[in-house]
Amino acid sequence: MAAEIVRVSKEMGVTHSEFFRIFTRLMDGQPHRVEGRQIVVGDGGRRLDIQLGEQGERRLSPVVAMPVTRVELAFSGYSAAEQADFMVRFEREFFKGGG
């Protein structure tokens with residue numbers, strides 16, 4: 001029986017280069033490979049596929065724009081607790097505070 005795949009879809013305020021830079025820091029030396037706009041993380045019987053959509057922008061005003069990228073995460077072989085733990089770390093690394 002194949003492992004269940006759990007999908008998470010996010011719209012993130014990052015460019016592709018920012019995403020890859022931050023994601024590398026998140027992985028902290030854990031093995032992963034980048035294939036174009038896809039990242040594959042394999043760990044024994046677990047696999048995480050991350051696909052970046054087209055890079056775009058969200059206009060806040062005629063002179064202010066923010067980057068926006070749709071990110072699809074697909075977990076296979078992860079327990080619910082492992083998925084939740086990864087997503088907490090993921091959100092923490094990508095959090096952008098304002099002030």
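Q: Is glutamate 93 buried, exposed or partly exposed?
A: Glutamate 93 has a relative accessible area of 26%, so it counts as partly exposed. Buried means under 20% relative accessible area, exposed means over 50%, and partly exposed lies in between (1.4 Å probe, protein chains only).

Q: What kind of model is this, and how are residues numbered?
A: The model is predicted: local features need pLDDT of at least 70, side-chain atom pairs count only at pLDDT 80 or more, and totals for chains, interfaces and linings use all residues. Residues are numbered from 1 along each chain as its sequence is written, and side-chain values use heavy atoms, with hydrogens and water left out.

Q: Back to glutamate 93. Which side chain does it meet in a salt bridge?
A: Arginine 25, at 2.7 Å from N to O. A salt bridge here is a side-chain nitrogen of Lys or Arg within 4 Å of a carboxyl oxygen of Asp or Glu.

Q: Which parts does that pair tie together?
A: Glutamate 93 sits in helix α2 (residues 80–94) and arginine 25 in helix α1 (residues 16–27), so the pair ties together parts 68 residues apart in sequence. Arginine 25 is partly exposed, at 47% relative accessibility.

Q: Why can such side chains pair at all?
A: Opposite charges can pair when the charged atoms come close.

Q: How many salt bridges turn up in the whole structure?
A: The search finds 10. One of them joins glutamate 11 and arginine 58, with the closest N and O atoms 2.0 Å apart.

Q: Where do glutamate 11 and arginine 58 lie?
A: Glutamate 11 is in strand β1 (residues 5–12) and arginine 58 is in strand β4, so this pair links parts 47 residues apart in sequence. Glutamate 11 is partly exposed at 48% relative accessibility. Arginine 58 is also partly exposed, at 38%.

Q: New topic. How many helices and strands does the chain have?
A: Two helices and five strands. The order from the N terminus is β-α-β-β-β-β-α. These are DSSP runs, numbered from the N terminus: helices are H or I with at least four residues, strands are E with at least two.

Q: What does the C-alpha trace span?
A: About 50 × 25 × 25 Å along its principal axes. Of the 99 residues, 29% count as buried.

Q: Which residues form the nonpolar patch on the surface?
A: Leu60, Val63, Val64 and Met66, with about 380 Å² of accessible area together. Patches take residues with over 30% relative accessible area and no salt bridge; like charges are joined within 9 Å, nonpolar side chains (Val, Leu, Ile, Met, Phe, Trp, Tyr) within 5 Å. The areas come from the Shrake-Rupley method with a 1.4 Å probe; for residues, only the protein chains shown count as cover.

Q: Where is valine 64?
A: In the loop between β4 (46–59) and β5 (65–76). Valine 64 is partly exposed at 38% relative accessibility.
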